[in-house]
Amino acid sequence: KHAIFTSLCQAAKLERADVSAVPVIGNKFPFLGLTFKDFTKLAEIRVKNGVILGGQAFMNCTALTTVNYPAVGGAVVLEGDQAFASCTSLVTIATSTTNIPDNSFNGCALLANIAPAEGTEGTGVTIKPTTVGVGAFKDCKAITDINLDAATVIKADAFKGCTALVGHLETDKNRTVLRVNAIKIIEPGSFAGCTNIRFISFKNAKKLSIGCFTGSGIPGETGVATAGEGFQEIEFLSIFEVVGNTTSTSNLFGGAGVTVNKTKLFIDANQAGKEASIFTIKGDGETAVDCATTFAGIQRNPVL
């Protein structure tokens, strides 16, 4: 059926389409199992406001730049995995979804704006997800900010490779801070390769998984030696636990025994300005850090 549909619609040639009368694309469009997957010439599509996108709805639509609506203010609803995966030309999208499915935008290298409604792009307003699935924004290299204040779940590799991600500009402090303050567990690879994050806040995190920051430019890590590069401050309000594979020698930041130089971790009011100048967190299989005792009393950081 899908082969017939793609043939009728000339998947290799279709550049524009108007499906604004269709309520669901993916698992029920136009009948079970049909999507626009692999329509590699499709550059623009008009959809219904509130259209439900099932799995792989527009996967591999490598020319797709624009999703628009009959009226300003529209947004899509993400229901299935990989809805826009590998849409390498997509620059902006509006979605009302707060539970972002796995790999929704994986590989969308030019995606810079994820707005809650069409017309709010570029205003500084971003979606406010409560759950971010596995690899949901992996390799979205143009995203600079996303509101993660309400995110209680961020799964593995969710923002891996988001090399432009820095967070929100706080003008009173003249710096950008990525705040991830509702989450309890930082999953493996969740912010791996995020080389531009300087300040990040995990106020309620209790557990950090091995490799959650791998390749993210920790000062002192190989290839990141210049002062001011990499994480400069990581805020916690609670003592945290580093968790990982008991047979692994992987470091929290990637690589066995990586030294974290001049990175402020959780600084309380009595230790303002103190830096961990030679600070190593090792994973299980090496000399594991007992965070409950090693960092006891260094629990709050009022700086961020």
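The model is predicted, so local features need pLDDT of at least 70 and side-chain atom pairs count only at pLDDT 80 or more, while totals for chains, interfaces and linings use all residues. Residues are numbered from 1 along each chain as its sequence is written, and side-chain values use heavy atoms, with hydrogens and water left out.

**Exercise 1. Work out which strands β3 pairs with, and which residues stand opposite Ile45.**

Step 1. Strands are DSSP runs of E, at least two residues, numbered from the N terminus, and two of them pair if DSSP finds at least two bridges between them.

Step 2. Take β1 (residues 16-19). It runs parallel to β3, with 4 bridges between the two, and Ala17 has Ile45 as its bridge partner.

Step 3. Now try β5 (residues 66-68). This strand is parallel to β3 too, joined to it by 3 bridges, and here Val67 is the residue opposite Ile45.

Step 4. Check the faces of β3 (residues 44-47). Ile45 and Val47 make up the covered face, while Glu44 and Arg46 sit on the uncovered one.

**Exercise 2. Find the strand order in the open sheet of 3 strands, and its edges.**

Step 1. The order reads β2-β4-β6, with parallel pairing.

Step 2. β2 (24-25) and β6 (77-78) are the edge strands, as each pairs on one side only.

Step 3. Zoom in on β4 (residues 52-53): 2 bridges connect it to β6, and Leu53 is partnered with Leu78.

**Exercise 3. Classify the ring pairs Phe36 with Phe39 and Phe58 with Phe84.**

Step 1. A pair of aromatic rings is described by the distance of the centres and the angle of the planes. Rings of Phe, Tyr and Trp (its six-membered ring) pair if their centres lie within 6.5 Å; planes under 30 degrees apart are stacked, over 60 edge-to-face, and the rest tilted. The structure has 8 such pairs.

Step 2. For Phe36 and Phe39, the centres are 5.1 Å apart and the planes make 70°, an edge-to-face pair. Phe36 is buried (under 20% relative accessible area) at 2%, and Phe39 is buried at 0%.

Step 3. Phe58 and Phe84 have centres 5.4 Å apart and planes at 15°, so this pair is stacked. Phe58 lies in the loop between β4 and β5 and Phe84 in the loop between β6 and β7 (92-94), so the pair ties together parts 26 residues apart in sequence. Phe58 is buried at 1%, and Phe84 is buried at 0%.

How values were computed
Buried means under 20% relative accessible area, exposed over 50%, partly exposed in between (1.4 Å probe, protein chains only).
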